[in-house]
Amino acid sequence: MLQIGGLIVLCGLLAQTTGKLEELALLQDLALPLEPVLAMDQSPTVLFGNLMNALSTGLISEDLLGSLQNLPLNNILKNQGGLVGGLLGPLPSILNIIDVEITNPQLMELGFVPSPDGHLLYVTVPLGLNLNVKLPLVGSLLKAKMDINITAEVLAVTDELGNIHLVIGKCTKSPGILEITVLNGNLRLIQGIVDAIRDMLTKVLPELVQTQVCPMINSILSHLDVTLVHDVANQLIKGVDFVIKV
């Protein structure tokens with residue numbers, strides 16, 4: 001009876017051990033597919049796409065659109081002064097009395113393209129601004145829409161401690177595409193006013209937008225996920241070689 005009891009206990013222990021080994025093997029099988037999935041995400045296109053998403057999210061969370069809506073455009077225009085011609089004759093300091101309101105600023109999808117040598121990434125930030133121009137006693141005189149592209153060079157640098165960072169090099173603006181719709185008044189009578197407003201907006205607005213966007217991109221790059229920064233920097237250091245399908 002003792003031998004039979006010992007055999008039963010031994011069989012029970014073997015069954016428990018076998019069960020635990022089967023559970024361990026199952027857990028290992030479930031963990032195996034993780035490695036290839038991580039490796040597949042390292043293509044340059046996907047990697048830089050993740051960078052664009054991070055930059056776009058950062059620009060929104062840093063309230064870029066709010067900053068654009070509150071640009072000191074009126075203060076700058078009022079400092080221009082001057083005379084504007086038209087059928088009614090010269091109008092003194094028309095820019096001193098107009099009120100320009102920026103409404104509904106929009107951030108479109110960011111674009112990117114590598115430099116010819118593959119060591120830089122050109123990031124394009126497309127923006128759209130709607131403007132409402134008012135005159136005292138007249139009210140809304142005209143509406144305008146301007147599309148502006150800000151292009152920043154992103155490159156990898158190494159500091160004195162050997163740490164890799166992403167920073168921007170040159171950060172430039174497009175001239176801006178301006179569309180104007182006159183709401184009140186005869187265009188022939190106010191052509192001088194419209195021309196003066198057009199000239200000032202195309203001259204001043206892109207530069208104002210540039211002063212907001214470029215420092216913000218640099219700040220966002222300095223706070224990105226460490227792994228993303230490392231992977232992007234490695235791609236730029238060795239030189240990116242891929243084709244973007246448009």
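The dialogue below goes from the whole chain to a helix pair, a disulfide and a loop residue.

Mentor: A caution comes before the features. This is a predicted model, where local features need pLDDT of at least 70 and side-chain atom pairs count only at pLDDT 80 or more, while totals for chains, interfaces and linings use all residues. Residues are numbered from 1 along each chain as its sequence is written, and side-chain values use heavy atoms, with hydrogens and water left out.

Trainee: How many helices and strands does the chain have?

Mentor: Both are DSSP runs numbered from the N terminus: helices are H or I with at least four residues, strands are E with at least two. Here there are seven helices and eight strands. Buried residues (under 20% relative accessible area, 1.4 Å probe, protein chains only) make up 34% of the 246 residues.

Trainee: What share of the contacts joins residues at least 24 apart?

Mentor: Contact means heavy atoms within 4.5 Å. Count the contacts between residues at least 6 apart in sequence; 67% of them join residues at least 24 apart.

Trainee: At what angle do the axes of α3 and α7 cross?

Mentor: Axes are lines fitted to C-alpha atoms, for helices over the stretch in contact, and angles run from 0 to 180 degrees between N-to-C directions. Helix α3 (residues 44–61) and helix α7 (residues 226–238) have axes that come within 10 Å and cross at roughly 130°. So α3 is oblique to α7. Angles under 35 degrees are roughly parallel, over 145 roughly antiparallel, 65 to 115 roughly perpendicular, and the rest oblique.

Trainee: Which residues of α3 and α7 meet?

Mentor: From α3, they include Leu-47, Phe-48 and Leu-51; from α7, Leu-228, Val-232 and Leu-236 are among them. By class, this contact has eight nonpolar, two polar and one charged residues. Ala, Val, Leu, Ile, Met, Phe, Trp, Tyr, Cys and Pro count as nonpolar, Asp, Glu, Lys and Arg as charged, and the others, Gly among them, as polar.

Trainee: Which cysteines does a disulfide join?

Mentor: Look for cysteine sulfur atoms within 2.5 Å. The whole structure has one disulfide. Cys-171 is joined to Cys-214, S to S 2.0 Å. The two are 43 residues apart, Cys-171 in strand β7 (residues 164–173) and Cys-214 in helix α6 (residues 187–221). The link is left-handed, with -80° about the S-S bond.

Trainee: Is Cys-171 buried or exposed?

Mentor: Cys-171 is buried, at 15% relative accessibility. Cys-214 is buried too, at 9%.

Trainee: Where is Ser-115?

Mentor: Ser-115 sits in the loop between β4 (111–114) and β5 (121–135). With a relative accessible area of 5%, Ser-115 is buried. Beyond its neighbours within four places in sequence, Ser-115 contacts Leu-120 and Tyr-122.

Technical notes
Buried means under 20% relative accessible area, exposed over 50%, partly exposed in between (1.4 Å probe, protein chains only).
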